[in-house]
Amino acid sequence: MMAPTVDVLEDEAFAALRAQLLGAAADLAPDAKHLADLLAGLSDDVARVLQEPLQIFPVAHHSPACAVQLIRRLQRTAPKVIFIEACEDLQALLPELASCVPPVAMQAFAGESEAFPPRWLPLSLVMPMTPFSAEYQAICYGLANPEVELVFVDRSSDHVFQWLPQQDATPTAPGGPSDDDENARLHGGALGVELGSLVPTFPVFLESLLEHSRASTFSEWWSLYVDEPTIGADYNTWRQVMVLVGALIRRLGSRAEHVEGDRLRERFMWTRMKDHLVAKGVAPKDAMYICGAAHAASDVPEWGTTKLGQADDPRWDIPKRTVTPWQYGFIPSSYSAIERQFGLARGSISVAEQSWEKALKALGLKAMPLPKAAKAAKGEVEEGAEAPKPKTKAKKAAAPPPEEIASAGGAMGVLSRPPSLLAEDHEQLLQWCTGVVAKARENHYMASTADAIAIYQTSLLLARMRGRLHPSPFDFADAAETCLDKGDPTMRRSVRHLCGMVMGGDRVGKVGYTTLPPLVRDVYDRLEVVKVVPGKSTVTRALMDLRKDGPTLLPVSDLLWRLRALLPASDAVRPVMGERRLGVPRVQESWDIKLHGPALRDLIELAYEGVTIEQVLERRLRDKAFAPNATAATVLGLAEDALLYAERDRLSEELGERAVELLRLELSAANARELFERVRRLVHHLRARPEGLPRWLGEFVSTGYQHYASLLPQSFADRGTSPEQLAGMLAFVFSLESLALSLGCQRSQVIIAVRQAAPLTTDPGKLGLLWAAEWTLELKRGDEVRAEFNALMDNPMSLSALPGALGSLLLALSFTPLVSALAAELLSRAFMELPEALLLPWLPGLLDSLRPVAGTILPALMREVVQSTPRSLVELDAWTPPWEAPRPAATTSTPKRAATADARSPEERAVNALLRAAPASTDAWAEALGLTPGWTAPPAEGAAEAEGHDAEAHGGDDPDVAAIQGLLTAYPVAVSAWAARLDA
């Protein structure tokens, strides 16, 4: 929207500038109405700002010229209220700024929220400040002068996230070339807000601006064509230039969506300022409004105070905040982090700092001091409250400030002549050239004195080519990169990084001890034993002998392990030696402790969740356990963490009961393997304690036994259940069976489930698991399982099913050692007899499936291989592989046992004869068990072959009799006693 023309009395300099702009518009094209309207609108914006009673102070983010002009202005005027374009909810942090060393960043943090998309969490917002930013100097002035009121008027942190498109991805800081630098990551993934953002967002405008100004980045353009020309100008000239540049970027250099977002912010800020002026009874002329230059001349209806207090004064209905619980604090910042956060050129903040220091020295100014009396304890200032008044007032200046000298030609003179930098400083340029060569040598560049001379001459050449009177820091950096960069990618630091170090380097701020949250202070206090102190910027190596100094160092070790569990991706604490596992005693430990930089930011964000590390740990464990997406495996892992780190049985019991509840609701075996490993580890550890196994763990074992037993038929039949998951279920059932049976479970449930699963299993990859389970439950014998595999191997039609069946048999080694000998034999035969077309594609999948259980399977398999192979060369000649030994002929898929008289012992024959002589007892037992009694014809004595044919004619031995014979074979002492009794 085009701002209306304001008819005001302009000074001669500004009128001449406007006339020249309109004349240029008329000369550019015959019909230059649109361009003329644009140029007229720019001049009208400046006129409106100059006429506004409220003193509008336009600034740019971290601009030294703006900070210098603010100091000079505050020395001449004393406003009663200073409005600052900053998030209003961050104002409560101002009293704590006194104990910090800039650059630091105000942070708003929310770990949970129901009002924003879950993918955005945690919400984090930072507003960094440097000593040469206008807002920092204004804050220092306000804290030093209790009669001056500081008011943050920009939208709150909650509104920042409210006004973001909800369908967007997680709002985080943009990455940049400084991502490899640790200091550049100090802000983490926080969303950055800045006072006075002026970087154009319209690409065509930005490209045209940089091309015509012969600048490579917008930071360079701003430094050379705005900051340097205006840093020593008079206040009126500087103000006109800033408003003009801000209006130009707003009208031409910004996208429409960004302009609309700026309009919302401006309506918010002007409404807040008007409400405050009316409530406090302050006249607009007694107030100052520090805002971004692009916001100075706005077209929103709320802009201006000419109608303040009247009925038709427009006010905006500010939307309410959400119920999101926000936490506030300071985190350390750095120049590189600010550059990365806002997409600035590397080294631009260091260049701005140099300009700031030069200007203060040349103009005889001093930065606003931050009085120590402005300190306040955490929590004394509530949100929206005024800052506490210091007991002593700031010292008055010894002499009045020098009078400003109006710039020649005003704004027109500044804009029409080439940028005139400070006096040439050949000495500084020489120091930079020699310094960067020295740094290059330290970083293994092939640099010499000749390179220093080349950099100096190239800097002068680039300055002349770009129409500058003296090489700028950007010319120097380009020259150094041209002369030193040989394209070697192995160099750890780039040439531009080295130039930044020479021109001042990166600076990292510090957050004072009293400003830190209670949790961080508690961590520092508890780590004082190992000489970890606040403000230390190096890594502390802590060597702890827990046997010698256990009472003193064990609490420190516990704290470090808890920090490691809470911040696994951070470099705050890193164990060099030592481990913490259930049942493993701790003897000696070595730690690297680094509580500065990004690690300190992580610890401060952790402090927003609680007062102590133990409280945060317990809260996180509970939150994860009762989350909607929690599973039995994850909650059981949390219960293990509670025992390992929190060392609280009450918490582990609560989490264990939650795991039992989730286990009952699971309908698949997706987490069976993980559950089994965790339960086995917990059982081995907890059953050794004096109090024995906890109740919740016994309930988990019995519930898991019954639950997985009921899922076995479905899992064998379901192709969506992988053999690995099924093996995990069987490992849980069979490995923990003795404990489950002692807790009241019934093995008959597993037997019935396996019998039901047998006719349902059609997947070849599960046949080996089925047969192994039947063998373990004595539903099959080892010879019968071998016969099943022989049938697969000998039949060309079923040979393709052998790899899957054999792979599942190897998985069965994780729960039963019975199949180890057979697995070694069949695997050896498969490698020898299977065709390459079938063997080679099978091997990669086999190895991949066995990798998770390699620690359990390989030892048993290798033990059997060693036992079946000869021990010496002499034995090798007579050795016959097990798979080449004579074996029974292949049978059908459900082979029958061919009983022969010769295969039975005398005791077995005697018992068989006794049972046949008195069949009534056996029939009664069969009826009691719900079985149909049936008998085969007795074999002829000494006629094994006839007995075999007779058995085949009758369909084989009766399964009931076979089961009885198997029972008697397993307990031969009773059989021998009966035989002796009968012989007697």
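Me: How many helices and strands does the chain have?
Reply: This is a predicted model. The chain has 40 helices and eleven strands.

Me: And how much of the chain counts as buried?
Reply: Of its 984 residues, 51% count as buried.

Me: What about contacts in the chain between residues 24 or more positions apart?
Reply: Take the contacts with a separation of 6 or more. Residues 24 or more positions apart account for 76% of those.

Me: OK, helices. At what angle do H7 and H8 pack?
Reply: About 155 degrees, with the axes 10 Å apart. H7 covers residues 218–230 and H8 covers residues 235–252.

Me: So how is H7 oriented relative to H8, roughly parallel or roughly antiparallel?
Reply: Roughly antiparallel, because angles over 145 degrees count that way.

Me: Is the crossing of H7 and H8 left-handed or right-handed?
Reply: The crossing of H7 and H8 is right-handed.

Me: Which residues meet there?
Reply: From H7, they are Phe218, Trp221, Trp222, Val226 and Thr230. From H8, they are Trp238, Val241, Met242, Val245 and Ile249.

Me: How does the contact of H7 with H8 split by class?
Reply: Nine residues are nonpolar and one is polar. None is charged.

Me: Switching to sheets. What order do E3, E4, E6 and E8 take?
Reply: The order is E6-E4-E3-E8, in an open sheet of four strands. The pairing is mixed.

Me: Which strands are the edges of that one?
Reply: E6 (191–192) and E8 (327–332). Each pairs on one side only.

Me: How many bridges join E3 to E4?
Reply: Seven. E3 (residues 104–110) and E4 (residues 123–129) run antiparallel. Ala110, for one, has Leu123 in E4 as its bridge partner.

Me: And E3 with E8, over how many bridges?
Reply: Six, also in the antiparallel sense. Here the bridge partner of Ala108 is Tyr328 in E8.

Me: Which strands does H20 lie across?
Reply: Helix H20 (residues 598–607) lies across E3, E4 and E8. It runs at about 170 degrees to E8.

Me: Now the other sheet. What order do E9, E10 and E11 take?
Reply: E9-E11-E10. These three strands form an open sheet with antiparallel pairing.

Me: Which are the edge strands there?
Reply: E9 (540–545) and E10 (573–577), each pairing on one side only.

Me: What does the twist average from one strand to the next?
Reply: The twist averages 25 degrees.

Me: How many bridges join E10 to E11?
Reply: Four join E10 to E11 (residues 588–593), and the two run antiparallel. Met577 has Ser590 in E11 as its bridge partner.

Me: Last one, His596. Where is it found?
Reply: His596 is in the loop between E11 and H20.

Me: Does His596 count as buried or exposed?
Reply: Buried, because its relative accessibility is 15% and the cut-off for buried is under 20%.

Me: What does His596 touch?
Reply: Leaving out residues up to four places away in sequence, His596 touches Lys536, Ser537, Thr538 and Val539.

Definitions and conventions. Residues numbered from 1 in each chain as written. Predicted model: local features only at pLDDT ≥ 70, side-chain atom pairs only at ≥ 80, totals over all residues. Heavy atoms only, no water. Axes fitted to C-alpha atoms, helices over the stretch in contact; angles between N-to-C directions. Parallel < 35°, antiparallel > 145°, perpendicular 65-115°, else oblique. Left-handed = near helix turned anticlockwise from the far one by under 90°. Contact = heavy atoms within 4.5 Å. Nonpolar A, V, L, I, M, F, W, Y, C, P; charged D, E, K, R; others polar. Pairing = 2+ DSSP bridges. Buried < 20%, exposed > 50% of the residue type's maximum accessible area, 1.4 Å probe, protein only.
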